[in-house]
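Subject: Structure for you to look at

Hello,

Here is the structure I said I would pass on. Please open it first; my notes follow below.

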Amino acid sequence: MAFIRTVLGDIPATQAGITYAHEHLIIEESFPTLANPDFLLNDVDKVAHELTRVYGAGGRTMVDTMPANCGRNVLKLADVSRRTGIQIIAPTGIHLEQYYPLSHWRYKYSEDQLTRLFMADVIEGIDAFDYNGPILARTPHKAGMVKLATGDDPITPHQELIFRAVVNTHLETGVPILTHTNSGLHALEQAERFAKLGANLRHVVISHMDRHPDLAYHRDLLQTGIRVEFDSAFRWKTGDDNQTFRLLEALLPDFPDQITAGMDAARNTYWQSYGGKPGLTYLMTTFLDELNKRGLGDYWNRLMIDNPAALYSFSQPQ
């Protein structure tokens, strides 16, 4: 039976319900928050308050996407999940280079060492200290997704090593893969690498693609069989063309099973519990209303339930 691995244990994929496919639920004080103070999302009471509202609006599963050693705190994720009823998928893997100091271990470890580290997060449990010190204390809370990222510049040899370690982990454990792009840049190159390395593209999702305006590029990407994630519907200015909905109108009829949605609300200024807006209930209120207005309401279950459940299921028993 297909299953999804959450911080509180494995669940049947059919239990996922409405799923936010790319979020940031906990970001602890860390190297990324030094440069971006509004990334700080470590107040468990405020996070739980926001997610309780999401649960009340119908949300059931959320994918946290802050991977190893750049603000991840799996103990807080587990606490929030218990308090709210939201099923949380925790990540392993590595984020963009800008979120790590130049002296970080990511630049020193071999492909095999990174593979074994990622696999341990998936199979044994995530370190309580998130690899911040010499003591290792694995928790019972396991990773249910492995992440990598590419930026503006061409894909580097170091990033190629991360690709191999991520796909090794995926092939050994069946864990699904999520990637970061800068506004969809290098998405086709990512898909090509995953295919070459033998990843199951039905369990790979490329994030932030609705920030890329080129419809033909989207079609070329989706024709590879890979999945994409859209998360910018609330970011476009009122009165401007909402690129997210324009792309959904064009792509959902032809690729209804490959698109997922989230908010990527990594800044506390987006959270109502921190005094920001629009709040994380946006997808089930304004976003859903706009889908219905545009005649896309019939795609809601695929976009928010069926597609993420299929994507975030493990591709093989483990």
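Contact here means heavy atoms within 4.5 Å. Keep in mind that this is a predicted model.

I began with helix 3, which spans residues 74-84. Its buried residues are Val74, Leu77, Ala78, Val80, Ser81 and Thr84. These residues sit on the same side of helix 3, because they cover an arc of only 160° around the axis. Among the elements that cover them are helix 2 (44-57), strand 4 (59-64) and strand 5 (87-89).

Both ends of helix 3 have a feature to look at. Just after the helix, glycine 85 has a positive phi of about 85°.

I then turned to cavities. How many cavities of 30 Å³ or more does a search of the whole structure find? The search finds one. The volume of the largest cavity is about 30 Å³.

The lining of the largest cavity is made up of Ile94, His95, Arg106, Leu148, Ala149, Gln159, Ile162 and Phe163. Sorted by class, five of the lining residues are nonpolar, two are polar and one is charged. Strand 7 (145-149) and helix 5 (157-173) each contribute at least two residues to this lining. Helix 5 provides the largest share, three residues.

Regards

Conventions: Residues are numbered from 1 along each chain as its sequence is written. This is a predicted model: local features need pLDDT of at least 70, side-chain atom pairs count only at pLDDT 80 or more; totals for chains, interfaces and linings use all residues. Side-chain values use heavy atoms; hydrogens and water are left out. On a 1 Å grid over the protein atoms alone, a cavity is a set of points where a 1.4 Å probe fits but cannot get out, and a pocket is an open set with protein on both sides within 12 Å along at least five of seven lines; lining residues have an atom within 4 Å of a point. Grid points are joined across faces, edges and corners, and a volume is the space filled by probe spheres set on the points. Helices (H or I, at least four residues) and strands (E, at least two) are DSSP runs, numbered from the N terminus. Ala, Val, Leu, Ile, Met, Phe, Trp, Tyr, Cys and Pro count as nonpolar, Asp, Glu, Lys and Arg as charged, and the others, Gly among them, as polar. Buried means under 20% relative accessible area, exposed over 50%, partly exposed in between (1.4 Å probe, protein chains only). The arc is that of the directions from the helix axis to the C-beta atoms.
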